[in-house]
Amino acid sequence: MFGMYFSRRLAEVADGLSNTLAIGEFVQKDTIETDRWANNVRDWMFGGDTTCGNMSVKAIVYPINAKLNRGKTTYIRYHYLPMGSHHPGGASFLLGDGSVHFVSETIDMETYMSLGSCDGKEAAQLP
């Protein structure tokens, strides 16, 4: 629903506000101790200044709470890191209609990816 340097009216959310993820929890901790990102905990959003890591857009590529390590040979861009939380079994998300839902980390990836799109014309709904 959101992106850097553009805005979208609610009426432009073609998949429906109750079928579109707007904001979700995000935490990433790399556990490789010998790497430059060791124990690098990322917060959900670093706000205010777009020159210093303000990332309000995430690409849904990995399951919720996926454990990824960005090692010396593996580089995963910040906005491709998985959504996640410290809650066991999933993460909380705000939908476009203003409702908040806990989404299980076992959600079908096709459904999850469809919920992450606001104009893909998918008929996805939260399970």
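Guide: A definition comes first: a residue is buried under 20% relative accessible area, exposed over 50%, and partly exposed in between. The coordinates discussed here are those of a predicted model.

Visitor: Is Tyr 80 buried, exposed or partly exposed?
Guide: Tyr 80 lies in the loop between β3 (41–42) and β4. Its relative accessible area is 35%. Buried residues are under 20% and exposed ones over 50%, so Tyr 80 counts as partly exposed.

Visitor: What pattern does the protein follow along the sequence?
Guide: The protein has one helix and five strands. Read along the sequence, the order of these elements is β-β-β-β-β-α.

Visitor: How many bridges join β4 and β5?
Guide: Strand β4 covers residues 90–95 and strand β5 residues 100–104, and they pair in the antiparallel sense. Ala 91 stands opposite Val 103 in β5, and Gly 90 has Ser 104 as its bridge partner. The number of bridges between β4 and β5 is five.

Visitor: Which residue in the hairpin of β4 and β5 takes a positive phi?
Guide: The hairpin has four residues between its strands. A phi near 95° is found there, and the residue that takes it is Gly 98.

Visitor: What is the bridge partner of Gly 24 in β4?
Guide: β1 (21–24) pairs with β4 in the antiparallel sense over three bridges. On the β4 side, the residue bridged to Gly 24 is Phe 93.

Visitor: What is the angle between the planes of Phe 93 and Tyr 112?
Guide: The structure holds one aromatic pair. Phe 93 and Tyr 112 form it, with ring centres 6.2 Å apart. Planes over 60 degrees apart count as edge-to-face, so the pair is edge-to-face at 75°.

Visitor: Where in the chain are the two members of that pair, Phe 93 and Tyr 112?
Guide: Both Phe 93 and Tyr 112 are buried. They are 19 residues apart, and the pair links distant parts of the chain. Phe 93 is in strand β4, and Tyr 112 is in helix α1 (residues 109–115).

Visitor: Which element supplies the largest share of the largest nonpolar core?
Guide: That core has 17 residues, of which Leu 21, Ile 64, Phe 93, Ile 107 and Tyr 112 touch the most other members. β4 and α1 each supply at least two residues. The largest share, three residues, comes from β4.

Visitor: Is Asp 15 buried or exposed?
Guide: Asp 15 sits in the segment before β1. Its contacts beyond four places in sequence include Thr 20, Ser 114, Cys 118 and Lys 121. The cut-off for burial is under 20%, and because the relative accessibility of Asp 15 is 8%, Asp 15 counts as buried.

Visitor: What is the phi of Asn 65?
Guide: Asn 65 is in the loop between β3 and β4. With a relative accessible area of 13%, Asn 65 is buried. Its phi is positive although the residue is not glycine, with a value near 65°.

Visitor: What share of the residues of the protein count as buried?
Guide: The accessible surface of the protein comes to about 7700 Å², and 54% of it belongs to carbon and sulfur atoms. Of the 127 residues, the share that count as buried is 34%.

Visitor: Where is the confidence lowest and where is it highest?
Guide: The mean pLDDT of the protein is 77, and 69% of its residues reach 70 or more. Over residues 44–54 the pLDDT is below 50, although this stretch has 19 contacts in the model beyond near neighbours in sequence. Where pLDDT is low, the predicted coordinates should not be read in detail. Confidence is lowest in β3, at a mean of 53, and highest in β5, at 96.

Key. Residues numbered from 1 in each chain as written. Predicted model: local features only at pLDDT ≥ 70, side-chain atom pairs only at ≥ 80, totals over all residues. Heavy atoms only, no water. Buried < 20%, exposed > 50% of the residue type's maximum accessible area, 1.4 Å probe, protein only. Contact = heavy atoms within 4.5 Å. Pairing = 2+ DSSP bridges. Areas by Shrake-Rupley, 256 points an atom, 1.4 Å probe, with all protein chains shown as cover. Phe/Tyr/Trp six-rings, centres within 6.5 Å; stacked < 30°, edge-to-face > 60°. pLDDT = per-residue confidence, 0-100. Core = buried A, V, L, I, M, F, W, Y, C linked by side-chain atoms within 4.5 Å.
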